[in-house]
Amino acid sequence: MTTHTIKVKVNGVEYVREVEPRRLLSDFLRHDLGLTGTHVGCEHGLCGACTILFDGEPVRSCLMFAVQANGHEVTTVEALGTPEKMHPLQEAFHEKHALQCGYCTPGFLMTLKPFLETHPNPTDEEIREAIDGNLCRCTGYEHIIEAVKLAAEKMATRS
Amino acid sequence: MKPIPFEYFAPTSTEEALEHLANLGYNGKVLAGGQSLIPAMNFRMARPGALVDLNGIPELAYIKPTADGGLAIGTMTRDSKVEHSPEVAQRFPLLLEVMPNIAHPQIRNRGTFGGSIAHADPAGQLPAISIVLNANLKVLKKGGERWVKAEEFFLGPFMTVLEPEEMLAEVVLPGLPPHTGSSYQQVSRQKGGYSLAAVASVVTLDTAGKCTSARMVMISVGDVPILSEAATRILVGQKPTPEAIAEVAEIAASKEIDPGTDIHATAEYRRHLVRVLVRRSLSTAFERAAK
Ligand SMILES: Cc1cc2nc3c(=O)[nH]c(=O)nc-3n(C[C@H](O)[C@H](O)[C@H](O)COP(=O)(O)OP(=O)(O)OC[C@H]3O[C@@H](n4cnc5c(N)ncnc54)[C@H](O)[C@@H]3O)c2cc1C
Ligand code: FES
Ligand code: FES
């Protein structure tokens with residue numbers, strides 16, 4: 001099967017790689033680039049664990065082929081913050097106990113980052129809508145909603 | 001869960017895409033948003049030999065107002081673009097109601113308006129909405145173009161009149177007359193889940209308050225979206241009354257639909273839902289038309 005050469009910018013770094021067309025973007029990030037922050041739960045679009053930013057918009061990386069990312073920009077959870085300098089969302093998730101096992105967390109964070117940029121002061125209803133495509137089997141969601149509100153406050157006072 | 005190997009083509013113009021589709025025939029498949037096709041490929045339920053990816057063709061994504069008050073929507077327009085378009089909100093408030101119910105925000109960022117129609121999922125909203133809004137569908141193939149009315153486009157579950165070398169290029173929604181109201185009603189297990197049953201209505205009144213047009217479509221209760229004949233027959237020419245609406249609901253639920261039983265709901269429960277949703281949808285649409 002023919003492979004394709006793709007050039008893709010991930011978290012600001014340009015990568016040139018050979019890929020088979022059937023390589024899922026999620027597997028490309030994890031196996032070819034070693035960026036294992038993006039999690040894979042279901043591989044059919046249901047769980048949201050694999051959410052990344054594609055040209056700035058949250059999408060399922062399990063429902064795209066890596067070859068489709070040629071010439072585009074991808075942002076994964078690795079670009080969000082560092083243990084020393086966490087993103088306000090990460091701080092808020094930590095402080096509000098918005099994760100237990102953490103499997104779903106990268107997907108929630110990558111869904112919420114652009115959401116908070118366009119909704120600096122979200123209502124509960126808006127938050128619930130924003131995360132209706134992310135499943136969490138541990139938290140029961142309430143702590144996640146609290147964390148989003150706290151993150152919004154943190155972002156407002158910092159900017 | 002990985003797809004089988006396939007050839008991949010990324011044309012940059014419609015013409016080039018049609019050329020590939022003509023060469024590939026039954027071996028080729030259009031890749032639009034991929035939000036239905038890629039899961040099916042991951043499960044290996046779909047095993048296309050080659051994909052023709054339309055995502056690199058900017059000329060297929062647009063929302064253009066038309067002179068009759070309608071809209072022409074390019075097939076590759078993302079669902080999220082339709083959801084947030086001021087023109088759509090103004091000209092087709094029905095779509096504004098429908099779009100947030102389709103899957104989840106991340107999927108609407110990728111899934112396309114035309115792809116959803118071409119996919120012809122009996123539980124999908126947009127095939128039914130294209131019927132209730134009287135859409136005209138522009139179908140292209142190498143060296144040819146034809147127009148198909150949405151009512152004649154769907155043949156069965158996941159089956160349309162499209163030939164392998166053809167693609168859906170544009171969806172034209174004719175403008176709605178004044179005093180038109182619409183309403184979308186659905187019941188699903190959770191937000192963003194496929195509906196157990198759903199009903200969309202578009203009705204028009206004259207200045208005396210008589211109904212001049214009543215189109216109502218039912219979703220998830222048959223092989224294809226079902227356009228109600230009873231709604232038109234009973235309501236047009238009359239002032240809408242709760243009794244007339246209840247009669248439509250009764251006939252629609254007992255005679256017009258063919259619901260199935262699955263893990264999500266029984267056929268009987270779906271009939272019950274249709275009875276309720278038809279009443280809600282029609283009465284809300286008439287209230288809005290009267291404003
Ligand atoms: C978790 C989840 C939940 C979902 N929930 C809903 C829901 O509630 N309601 C709903 O309606 N949908 C739902 N969907 C499906 C989603 O809306 C899809 O995006 C849509 O049905 C297909 O559009 P697409 O652009 O992704 O098409 P693709 O997946 O790319 O294509 C689907 C099929 O249509 C064909 N096709 C696409 N475009 C064309 C074209 N222009 N010409 C010819 N053939 C074409 C393809 O070859 C393929 O066979 C859901 C999907 C997921 C993963
Ligand atoms: S792994 Fe992509 S949505 Fe579950
Ligand atoms: S924290 Fe375990 S799934 Fe969400």
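**View 1. Contact between chain A and chain B in the predicted model.** On the chain A side, 23 residues are in contact with chain B, and 23 residues of chain B take part in turn. Strand β4 of chain A, residues 57–60, gives the most to this side, with four residues. Sorted by class, the side of chain A that touches chain B holds nine polar residues, eight nonpolar residues and six charged residues.

**View 2. The hairpin of strands β11 and β12 in chain B.** Strand β11 of chain B covers residues 180–188, and strand β12 of chain B covers residues 195–205. The two strands run antiparallel and are joined by nine bridges. B:S188 stands opposite B:S195, a residue of β12(B). In a regular strand, side chains alternate between the two faces of the sheet.

**View 3. The turn between β11(B) and β12(B).** Six residues lie between the two strands of this hairpin. One of the residues in the turn, B:G192, has a positive phi of about 90°.

**View 4. The fold of chain A.** Chain A has five helices and five strands. Along the sequence these elements follow the pattern β-β-α-β-β-β-α-α-α-α. The radius of gyration of chain A is 16 Å, close to the 15 Å that the globule rule gives for 159 residues, so chain A is as compact as a globular protein of that length. The C-alpha trace of chain A spans about 50 × 30 × 25 Å along its principal axes.

**View 5. Burial and contacts within chain A.** Of the 159 residues of chain A, 47% count as buried. Among contacts in chain A with a separation of 6 or more, 63% come from residues 24 or more positions apart.

Methods
Residues are numbered from 1 along each chain as its sequence is written. Chains are lettered from A and ligands numbered from 1 in the order in which they are written. This is a predicted model: local features need pLDDT of at least 70, side-chain atom pairs count only at pLDDT 80 or more; totals for chains, interfaces and linings use all residues. The radius of gyration is taken over C-alpha atoms; the globule rule is 2.2 Å times the number of residues to the power 0.38. A residue is buried if 20 or more other C-beta atoms lie within 10 Å of its own, exposed if 12 or fewer, and partly exposed in between; C-beta atoms are placed from the backbone. Two residues are in contact if their C-beta atoms, placed from the backbone, lie within 7 Å. Two strands pair if DSSP finds at least two bridges between them. Ala, Val, Leu, Ile, Met, Phe, Trp, Tyr, Cys and Pro count as nonpolar, Asp, Glu, Lys and Arg as charged, and the others, Gly among them, as polar.
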